[in-house]
Each structure stands twice: as structure tokens, then as C-alpha cells.
Amino acid sequence: MGLLKPLGGEVSVTMAAPPEKVWALVSDVTRIGEFSPETFEAVWTHGATGPAVGSRFKGHVKRNGVGPTYWTPCTVTKAVEPGADGTGVFEFAVGLDKNPMNTWGYRLEADGDGTRVTEYFRLTPAIYLRAYWLVLGQLRSRTNERGMRTTLERMKAVVES
């Protein structure tokens, strides 16, 4: 049934760079404008200066690369720097603190001499978002997956240079 399908998607890319170098890039929200086809800038807010659980920032988004343009409030929900095993995660909720619309994140895993990076998004499973996903989910998922692949490939070019 369409209402029970996962409300999200993910894309993975392997980068020829150590997890620590990749972590530094994916967790620096102020650089997202270099990589994302939709979010063209982000700024830390409420005194935050970097990735820590509870840190807040605003992302400036141009939906589908053409509009509308708007600011989105975000809160870091996971900030696990890569450990000895090379795994780490950076994740943030988009929307108001008590009512986020969705969650975006990056999972890092050591992969030989490099790092496998998975960018993902998950909509909050509220009934109105389930209805949206039922009607427009396939289209939005494809758009998001193209955007995530573009973002990761652009990041890859930077960390591998």
C-alpha cells in the first residue's frame, strides 16, 4: 500500500579519502552551497559554530533549483565523528524543533583506503506527509536522489583533489 512505503531515499558514493576528511566536509554546513543543486547556502544560528547535537543552522533553499526560495531552520540530531572503524554520521532535522518535516544525513563507512558515503532523507511519518508522498513521492524521490548524487559527486571531487 502506498501509505506504508518508506518516506525517503538514499544514494551512496565511495570517495578516495579517509573518513575524517569526508566528515569534515559533510558536517560543515557552511559549505553546502558548493555542492547542493538546491541548498545554496547555510549559516549556523543561535550561537552554534559547528556540528554538535542540538546545534542549529538555517539552510537557504531554491526548490528544484528554480524556486521558490526560502530559509529552513535545521537542528543537528546526530554528530558522530568517525572512530577507529571509520564509521560516522552527521544528521539534521529540518523544520521547527517540535515538528520537523524531514531528516537529512550522511553515513560514513570505511571502504578499503576510502570512505563510502551515504546521503539520505526521511520524511516525518505524519499523515499529511504520507498523503503528500503517496501523490508526489515518486517524483520528489527521483529529484532528491539526483540532487544527492550531484552533491556527493561534487564533494568527491573536492576531497579527492
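Which residue forms a salt bridge with Lys156, and how far apart are the closest N and O atoms?

Modeller: The partner of Lys156 is Glu160, and the closest N and O atoms of this salt bridge are 3.9 Å apart. The model is a predicted one, in which local features need pLDDT of at least 70 and side-chain atom pairs count only at pLDDT 80 or more, while totals for chains, interfaces and linings use all residues. Residues are numbered from 1 along each chain as its sequence is written, and side-chain values use heavy atoms, with hydrogens and water left out.

A salt bridge here is a side-chain nitrogen of Lys or Arg within 4 Å of a carboxyl oxygen of Asp or Glu. Side chains of opposite charge can pair when their charged atoms come close. By this rule there are four salt bridges.

The classes are buried, under 20% relative accessible area, exposed, over 50%, and partly exposed in between, with a 1.4 Å probe and protein chains only.

Another salt bridge joins the side chains of Glu34 and Arg31, at 2.8 Å from N to O. Glu34 has a relative accessible area of 44% and is partly exposed; Arg31, at 27%, is partly exposed too.

A further salt bridge is formed by the side chains of Glu10 and Arg122, at 3.2 Å from N to O. This pair links distant parts of the chain, for Glu10 lies in strand 1 (residues 8-15) and Arg122 in strand 7 (residues 114-123), 112 residues apart. Strands (E, at least two residues) and helices (H or I, at least four) are DSSP runs, numbered from the N terminus. Glu10 is partly exposed, with 37% relative accessibility, and Arg122 is partly exposed, with a relative accessible area of 35%. The pair also belongs to a network of salt bridges, in which Glu10, Arg107 and Arg122 are linked.

His46 lies in the loop between strand 2 (39-45) and strand 3 (56-62). The phi of His46 is near 55 degrees, a positive value in a residue other than glycine. Most residues other than glycine have a negative phi. His46 is exposed, with a relative accessible area of 64%.
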